[in-house]
Amino acid sequence: MLTIQVNGVSHTVDAPEDKPLLWVLRENLKLTGSKYGCGQALCGACTVHIDGQPTRACVMPVGAVGNKAVRTVEDIRNEHIGSLVQDAWRALNVPQCGYCQSGQIMAATALLKSNSAPSDQDIDRAMSGNICRCGTYPRIRKAIHKIASEQL
Amino acid sequence: MTHSGVSRRDFIRVSVMAGGGLLVACGGGSSGSRPTTPPSNNNGTPPPTPAEEFILGEFMRIGTDNRITVLVGATEIGQGALTAIPMIVAEELDADWSLVSAEQSPVAANFNNPYFQNLLQFTVASSAIRGYFDAQRSVGAAIRQMLINAAAKQWGVNASSLRTEASYVIDDIGGRSASYGELSSAAANESVPSNPPLKDPASYRIIGTSTQRTDATAKTDGSFKYGMDVDIPGMLTALIARPPRFNGQALSVDDNAALAVPGVRSVHTLPGGVAVVADDFWAAQQGRKALQVSWNELLAGRTDSASQRNDYNLRLNLPGLPIRSDGSTLLAQLQASETLSADYYFPFMAHAAMEPLNVVVDYDGSSAEIWTGTQSATLDKIFAGVVLGLLPDQINFHIMPAGGGFGRRGNPLADFVRDACFVAKALQQPVKVIWTREDDMKGGYYRPAASVRVSASLNSADEITAWTHRVVTQDVTASLYVENALDALHDMELPPLAELTDFETGMPYKIDNVLMDAHLTVLPTMPSLWMRSVNKFSDVFAQETFIDELALRVRQNPYAFRRQLLSEKPRHRAVLDAVSQAANWGRSTAGVSQGIAVMGHWNSFIAQVVEVSVSANRELTVHRVVSAVDCGMAVNPDLVIAQVESAVIFALSSVLSGEILLEDGVVQQSNFDDYPVLRMHQTPIIETVIVNSGNSVGGVGEIGVPCVGPALANAIFAATGERIRELPLSRLNFIIA
């Protein structure tokens, strides 16, 4: 039995320490917003925040999370910037298939929390670990700039 | 291709829902089918209908609360089917768009795509909007008329004195109105008008607007449910160990170590592999790693990329089956002053949709329920029935919206559904079969490799008098058109090959003598499948780079040269002119080179300009891609633009680095590290212009893909003087910035 803090709630889960956090979220806690895309930290679809840092949950053993606060896309609206990101994503019709967007939103929220006026290069650096096969990158870039210029 | 008449789709059945409201069924009817449970609901509203009311064939619900739910037969794979198809219905219905939501339909004949002769639910070939457009309009218009008739009866006035607006029937003379919700029960008793009048497109209020996607909210808060997210009580998770070479079979299995992994429940040998069933994904993955299988590979595929390429190139020297033959190329070649030719090669490529393949099957021995993100639900359900030994009525098949498809989820052979059913059949317990990224990447059904030879003959006046185009590839499009063949055979005619395949590139230039022929090889041990834009990706690449060579050979501007050869193709010419203007053709900034390409297919037309710079050490930077697209009429212009943006990025991934290599039958790529796709920092500025020609609706899912490669290659030539005759560019020692 392990205890982890997810979205402000303490959960005790029956899982081996080496089970990736992603699958604990998805299977044990039924939080399926974080997605499995590659299992190797190559695509970013599983991105969650651990103590505010964007983290690839698919390679993070749940036993290594400890008492750190995990936040997932299901709860990101409770952060001011997270809700701005979700609103901008909707306003610009960013999602297509949508499968990568939980990870994109978590990565963009982390970027804007640390940098309220990101340049294109900052966006490239923060977002290039998140693959989108539908090609929503131009709209993601636009949405990040829109939030930074209008709301931060 | 011809579309069937209205007879198969104009049968609309209406009934009153138990809780009030109007329930509409359209199509061939299926009242004998067993009730299904409501499909997963992705818009946050509770399913308003009890299971026993949700009969197959239901098309739309109008609730007494005024909410309208449209069931969509095409699969949402990112293209916006759950938005654009309801827009079409809502337009003719005169609905309040803010109260319209969408769900994936059940698998039933009523939801078959008219594009495929009403035979299949099949979300391929850019056919969702252009296929369903007319049928959806008729349904919306019929229901609107019934609501009007119900109001007229209630108010004792003539129906023709009433009008509708935003889900209300309005009596201007009597100064009263009633909502669709209020009228829905009464409307259900009205007879169905057989030929409801359709709106003049000039009066559209919803079609032609850039409404927000109906799935935008659920796709930004983590609540949208894909197949991967389906969770049912008692469900186990299975991973399948597959043979290293296609068509291998398990010879012997040592499952002791696998079964010793905590959480692993059982191991089952299947026709295509060995399934490890466990309590969760992690245990299944650990179990599969511990599994020892020796494979019988006597009949397995031994495709080797290098020797396969040599074989294809040799066959380019032999005539193939003619696909298009205008005039006499042989005669024209004999009379030509010069004949130029070029050979091209394109490797296998993987679709690599973000959501790896997965299927949930709940099979209890006498019936089954199946959930999966698929583009080919009708055929999947048939194959599931064959594997499980069940009749269609005993299978409740839920189409899940998919995390990308690109053709991989539209396999007429239903590979991923079949092997999940084999697992379920052995297990007789609910199970989710998950493909890891590596399984998905190595699992075959790739865009087929192709060799292409193009030639052009010039006369002494430098006019092109003959054009030939020969392709060697695997035939994966022919089966798409099999229904045409069946119809034709029924009429005792055998149609020409060109009508059975989708191979024709639609080479648009005014050239009198044209021969296109093909070697369509069949390789059962090298599974290939269509991938977004099918053979146009390779054939248009060859065509549009070669026409550029000819332009330079006769010392003409590539844009002007094409324009002159398109004198009889006004829609090609219009997009070519539009992109030339939008991209400022011929006036790029210093150090930036431009390339251009044009094509038409899927009832749509596009021209694209790519701007690139190439450094001395071959570092390639794509700066901008400008597109002008004519899809007849854009149902939702923002979705059209999004599809073009998507296609440009998809194409760049393929052109820059898309390559699946096989060595002695073994796929060498496995994940996004060795099969790189475009990322944010490599994405150019993308600008898209819609050319509204007012023609009938064309497809937009694929049209943005094929011209990107040749326009880029033409730009690289402009920058470096180097002709690109094979892909991907990473193989030619370009560094992708």
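Predicted model: local features only at pLDDT ≥ 70, side-chain atom pairs only at ≥ 80, totals over all residues.

Me: Got it. Where does Ser305(B) sit?
Reply: Ser305(B) belongs to helix H6 of chain B, which covers residues 305-315.

Me: And is Ser305(B) buried, exposed or partly exposed?
Reply: There are 18 other C-beta atoms within 10 Å of Ser305(B), so this residue is partly exposed. Being buried would take 20 or more, and being exposed would take 12 or fewer.

Me: What separates the C-alpha atoms of Ser305(B) and Asp171(B)?
Reply: Those two C-alpha atoms are 71 Å apart, and the residues are 134 residues apart along the chain.

Me: Let's zoom out. What is chain B made of in terms of helices and strands?
Reply: Chain B has 17 helices and 29 strands. Of its 737 residues, 56% are buried. Looking at contacts in chain B with a separation of 6 or more, 76% are between residues 24 or more positions apart.

Me: Which residues have the most contacts inside the largest nonpolar core?
Reply: They are Ala238(B), Val276(B), Val575(B), Val629(B) and Val708(B), and the core itself has 275 residues. Helix H2 of chain B (residues 128-155) gives the most to this core, with 14 residues.

Me: Pick Val629(B). What is it in contact with, leaving aside neighbours within four places in sequence?
Reply: Quite a list! Among them are Val575(B), Ser604(B), Ile606(B), Val640(B) and Val644(B). The list also includes Thr688(B), Ile690(B), Val691(B) and Gly704(B).

Me: New topic: helix pairs. How do H8(B) and H9(B) pack?
Reply: H8(B) is residues 377-388 and H9(B) is residues 415-427; they pack at an angle of about 30 degrees, with their axes 9 Å apart. That angle makes H8(B) roughly parallel to H9(B), since angles under 35 degrees count that way. The crossing of H8(B) with H9(B) is right-handed.

Me: Which residues meet there, between H8(B) and H9(B)?
Reply: From H8(B) come Asp380(B), Phe383(B), Ala384(B), Val387(B) and Leu388(B), and they meet Val417(B), Arg418(B), Cys421(B), Phe422(B) and Lys425(B) from H9(B). By type, this contact has seven nonpolar, no polar and three charged residues.

Me: What about H2(A) and H3(A), at what angle do they pack?
Reply: In chain A, helix H2 (residues 80-91) packs against helix H3 (residues 101-114) at about 130 degrees, with axes 9 Å apart. H2(A) and H3(A) are therefore oblique to each other. Their crossing is right-handed.

Me: And which residues make that contact between H2(A) and H3(A)?
Reply: H2(A) brings residues including Val85(A) and Trp89(A), while H3(A) brings residues including Ile105(A) and Leu112(A). The contact of H2(A) with H3(A) divides into six nonpolar, four polar and one charged.

Me: Last one: how many residues of chain B are in contact with chain A?
Reply: 45 residues of chain B are in contact with 42 residues of chain A. On the chain B side, the elements giving two or more residues are helix H5 (281-290) and helix H16 (637-657). H16(B) has the largest share, seven residues. That side of chain B is made up of 19 nonpolar, 13 polar and 13 charged residues.

Methods:
Residues numbered from 1 in each chain as written. Chains lettered and ligands numbered in written order. Contact = placed C-beta atoms within 7 Å. Helix = DSSP H or I, 4+ residues; strand = E, 2+ residues; numbered from the N terminus. Nonpolar A, V, L, I, M, F, W, Y, C, P; charged D, E, K, R; others polar. Axes fitted to C-alpha atoms, helices over the stretch in contact; angles between N-to-C directions. Parallel < 35°, antiparallel > 145°, perpendicular 65-115°, else oblique. Left-handed = near helix turned anticlockwise from the far one by under 90°. Core = buried A, V, L, I, M, F, W, Y, C linked by C-beta atoms within 7 Å.
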